[in-house]
Amino acid sequence: MEKLLEMAKKVCDQAEVYSYEPSTSSVDFENAKLYDIESSIHAGVSLRIIKNGKLGFAYTRNILNRNEILQNALDSLKGKVEAKYDFPLTTEISNLKTYDSSIEDLTISRMVEELSRISEQFQAKTDAEISLYSYKNIEKIRVMNSKGTDINSKNGGFGFYLALIFPGGASSISRSQSYFTFKKTPQNLVNEMIEFYNRSKKVIEPKSGKMKVLWMPGSMHTLTWRILSGTSAKSIYEKISPIAEKIGEKIFNEKLTIHDAPLDDKYPWARAFDDEGVNCNPLSIIENGVLKSFYYDLNFAQKLDKKSTGHGYRTSRWGGEAIALKPNPNLTHLQIKPGNASFSELLKFMDKGMIIEGAMGAHSGNIPNGDYSVGVSPGFYVENGEIIGRVKDAMIAGNVYDTLKNVVAIEDTLHPSWSGRFPAILCDDVSVATKK
Amino acid sequence: MFEKLKKILQKVEADYSDIRYEQKKDCIITFNGKELTRIGSNSTDGFVVRILKDGGLSSVAFTKETDADTAIKSALENAVLIGKNIKKPIQLAKVPVVKETFFPQMNEDPRKISISEKLELVRKYNDIPLKKEKIVNTNIGYVDTIREKYFVTSEGSEIREDLITTRVGGMITSKEGNLLQNIRVSSGGSDGFYNVRNQEDNFANKTKLVLELLKAKPVKAGVFNCILNPSLAGVFAHEAFGHFSEADIIETLPAMRQKMEIGSKLGSDVLNIIDDATLPNQLGFYKYDDEGVAVRSTQLMKNGILCGRLHSRRTAFEFNEPISGHCVAEDYRFAPIIRMGTIYIEASTPTFEELLESLQDGLYIVDAKGGQTAGENFTFGAQYGYVVKDGKLAGMIRDINISGNLYQTMKDIIMVGNDLVLTKTGGCGKGQTNIRSCHGAPHILVNNVVMGGV
């Protein structure tokens with residue numbers, strides 16, 4: 001890596017070498033039985049160079065030939081992709097807990113034993129089809145650039161994903177959790193899933209109409225995806241954000257506070273620096289309903305005459321390899337501030353309505369505009385503050401900028417979910433379409 | 001390369017093992033609006049080893065050759081661990097030993113086209129929408145992906161095959177006041193660069209539509225009888241039905257497996273569905289899957305009766321059904337899983353006009369915009385549509401998302417048209433992305449479709 005950076009520095013104005021080495025093992029139980037164990041050991045390097053304000057970009061798995069990757073980057077300079085930003089000089093980074101060495105000693109057979117134990121409990125107390133997954137990941141990230149930045153981090157985590165599938169439907173109740181190293185699955189989580197499952201076995205067909213809807217952490221991506229789109233520097237620059245001019249304005253209900261918390265190292269995968277070597281910091285997106293900030297990487301910050309907020313990540317919505325992706329603005333540690341209501345209080349506030357346990361099709365529809373129209377997968381129908389059954393064929397539709405004006409109450413607990421940690425959120429006046 | 005791979009496999013003491021080495025070459029060009037944001041060609045590579053030992057099957061992927069010993073050790077341990085923890089040992093269906101090198105025929109090999117020619121072509125397409133007022137943004141790109149694969153098994157198979165995929169397209173966004181609308185545009189294929197040429201009309205047509213969408217009315221929530229165009233009906237064949245023809249999905253879902261028993265009458269009499277990745281010149285075309293099995297044309301449904309399934313060697317043995325050659329990986333980072341190749345609803349005789357005449361009042365909905373399933377329930381978006389009144393297209397509608405139940409919808413497909421179209425670009429996500437995922441259908445008429453509205 002050092003040699004590659006030296007070589008690149010000689011032929012261009014600025015250079016950056018990013019290396020990423022993830023290793024993963026995963027255990028998969030399907031239909032309550034061990035089905036698969038997979039592992040991978042990967043390494044890769046990505047090179048960005050800037051010359052006369054233009055960007056060169058290349059990547060490889062094995063630096064067998066430094067000249068080749070450098071030549072690929074130089075060749076791509078010819079396309080004249082604009083890059084007027086400077087790579088940062090980052091010498092000091094926050095000292096975060098990101099790794100616990102005991103994860104190295106965690107054996108696959110211990111992970112298999114734990115999933116067997118959980119599987120037996122689920123089998124004894126439900127008639128669900130049981131799908132369980134656990135993993136251990138260790139990754140090394142290093143960012144070096146011609147300004148003198150050379151920072152690295154080692155991150156590790158153990159986690160699981162448990163699902164109780166309604167037979168025939170494949171819609172499920174699922175919960176996930178992650179830790180720095182192995183932990184037994186909390187019994188209250190297992191009990192909660194069993195109770196939920198058994199309370200919602202009966203299929204209910206409610207009538208179409210507007211009703212109270214409780215967004216569970218597992219369906220929250222329906223809403224956060226649209227907020228991520230609206231507050232990204234990329235959307236602002238491309239003029240496709242409907243809230244581009246609304247900084248300082250109240251756009252959501254005052255109960256809602258949303259922030260990005262990359263330095264929160266109570267949980268695994270905290271980040272001291274982003275994938276371009278910029279220091280990470282907490283960022284307030286929405287405070288008491290007021291739009292506070294957009295999020296920036298180096299590229300879009302320069303284009304919009306702002307500073308990077310440390311949100312340049314080599315991620316994409318649809319997987320892809322970190323080394324093969326250019327950094328783009330992303331919020332990877334999103335949190336919604338918990339409210340005061342316990343889960344059972346939320347059900348009481350709700351009186352009558354639908355819990356959206358999972359959502360299908362959150363990725364389709366007019367996302368920039370904030371519109372959503374998703375299938376419930378499943379929904380739980382609530383009457384008199386109690387779950388009376390589950391809903392299969394129903395669609396929930398609206399616009400995030402309307403829906404989140406109508407927040408009734410927010411749960412007092414954070415749950416991990418896709419792209420962040422969220423409490424359940426109760427909203428009023430959401431449109432539900434069914435066959436009735 | 002084969003010698004190197006055989007040497008690695010020789011170290012494995014197991015009942016069966018295979019190794020795949022791939023070099024993956026990408027050329028990517030992306031425009032966001034007027035700006036070129038990415039251009040370049042790159043190459044990456046890696047290995048995947050699978051080991052069957054003592055009734056357990058496990059895989060490991062690695063990128064450094066020096067990691068081979070560590071990788072094999074963990075795959076062996078994991079295979080044995082699986083064997084110990086399951087009652088019924090995993091076995092693989094028997095398949096012929098194959099030694100073959102297969103390079104698909106190309107109409108203009110993208111590897112031989114200069115990157116500057118590719119750039120100029122994309123720039124030309126990108127300029128088509130950007131010339132119009134009210135087009136605020138585009139995300140238009142070109143990608144070619146080349147997988148150069150080497151595959152060796154302990155049974156003696158040695159297969160060399162290339163998969164070469166090209167695509168051009170992306171998203172066009174229009175805006176009026178606060179209203180944003182977008183539309184997807186794409187073309188591509190598996191047999192050469194010619195697939196991405198001459199797309200000017202395609203880009204102009206989609207630009208026109210996304211501008212018209214600014215005037216379209218949001219669809220009302222409710223239940224409608226609908227004509228689905230080939231793109232959308234193809235998504236139904238793929239998402240709602242196709243995934244449950246993948247044996248690895250239903251293998252571990254007992255209730256679904258019972259419903260999807262071969263011989264069950266699940267659809268209406270007019271419904272015939274097939275997966276045929278042997279169709280030449282289609283996006284889904286390949287010769288051998290990533291277990292070295294030659295892909296076969298597989299009839300899945302005939303006159304509404306389930307009659308076949310897509311298999312890996314593992315599931316073919318488990319179900320005691322014929323192998324089909326559908327176990328495919330995204331690239332060297334993954335062990336293969338069961339994937340559809342070219343799945344489509346077979347054409348019947350009615351014309352589109354006859355479908356409209358039969359519908360009388362309802363909706364005509366056009367072009368897929370993402371779809372997802374959870375068991376028997378599915379949700380799809382459509383890019384745009386029209387109200388149908390007295391058998392004629394009336395006003396344009398937008399914000400279309402439908403949901404339904406697989407079994408009910410298969411019965412509610414009451415007419416299948418005569419105008420089969422197969423997709424030219426794909427991107428099925430099932431843990432891994434399959435860019436060769438190809439599907440299609442003629443126009444179909446479906447009763448009782450739930451529309452989400454906005």
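Two residues are in contact here if their C-beta atoms, placed from the backbone, lie within 7 Å. This is a predicted model, in which local features need pLDDT of at least 70, side-chain atom pairs count only at pLDDT 80 or more, and totals for chains, interfaces and linings use all residues. Residues are numbered from 1 along each chain as its sequence is written, while chains are lettered from A and ligands numbered from 1 in the order in which they are written.

**View 1. The two chains as a pair.**
Chain A contains nine helices and 25 strands; helices (H or I, at least four residues) and strands (E, at least two) are DSSP runs, numbered from the N terminus. The radius of gyration of chain A is 23 Å, close to the 22 Å that the globule rule gives for 436 residues, so chain A is as compact as a globular protein of that length. That radius is taken over C-alpha atoms, and the globule rule is 2.2 Å times the number of residues to the power 0.38. Along the principal axes, the C-alpha trace of chain A spans about 70 × 55 × 35 Å, and the C-alpha atoms of chain B fill a box of roughly 70 × 55 × 35 Å. Chain B averages a pLDDT of 94, with 100% of the residues scoring at least 70; pLDDT is the predictor's confidence in each residue, from 0 to 100.

**View 2. Inside each chain.**
How much of each chain is buried? In chain A, buried residues make up 53% of the 436 residues, and in chain B they make up 57% of the 454 residues. A residue is buried if 20 or more other C-beta atoms lie within 10 Å of its own, exposed if 12 or fewer, and partly exposed in between, with C-beta atoms placed from the backbone. Now take the contacts between residues at least 6 apart in sequence: 69% of those in chain A join residues at least 24 apart, and for chain B the share is 73%.

**View 3. Where chain A meets chain B.**
Here, 67 residues of chain A are in contact with 73 residues of chain B. Elements that each supply at least two residues of the chain A side include β2 (33–41), α3 (108–125) and β25 (425–433) of chain A. Which element gives the most to this side? That is β2(A), with eight residues. The chain A side divides into 24 nonpolar, 28 polar and 15 charged residues. In this count, Ala, Val, Leu, Ile, Met, Phe, Trp, Tyr, Cys and Pro are nonpolar, Asp, Glu, Lys and Arg are charged, and the others, Gly among them, are polar.

**View 4. Helix α2 of chain A.**
Helix α2(A), residues 66–77, has 12 residues and reaches 17 Å from its first C-alpha to its last, close to the 16 Å expected at 1.5 Å a residue; the expected span is 1.5 Å times one less than the number of residues. Its residues Ile69(A), Leu70(A), Ala73(A), Ser76(A) and Leu77(A) are buried. They cover an arc of only 125° around the axis, which puts them on the same side of α2(A); the arc is that of the directions from the helix axis to the C-beta atoms. These buried residues pack against α1 (2–11), β3 (44–51) and β4 (54–60) of chain A, together with β2 (35–53) of chain B.

In α8(A), residues 343–350, you will find Leu346(A), Leu347(A) and Met350(A) buried. Seen down the axis, the buried residues of α8(A) fall within an arc of 100°, so they line one face of the helix. Their cover includes β9 (209–215), β16 (353–356), β19 (379–383), β20 (386–391), β22 (407–410) and β25 of chain A. Just after α8(A), Asp351(A) takes a positive phi of about 60°.

**View 5. Backbone angles worth a look.**
Most residues other than glycine have a negative phi, and most peptide bonds are trans. Asn52(A), in the loop between β3 and β4 of chain A, has a positive phi of about 50°. Is Asn52(A) buried or exposed? Asn52(A) is exposed, with 9 other C-beta atoms within 10 Å. Asp367(B) has a positive phi of about 65° and lies in strand β16 (residues 362–374) of chain B; with 21 C-beta neighbours inside 10 Å, Asp367(B) counts as buried. A cis peptide bond, with omega about -5°, joins Ser377(A) and Pro378(A), and Pro378(A) sits in the loop between β18 and β19 of chain A.
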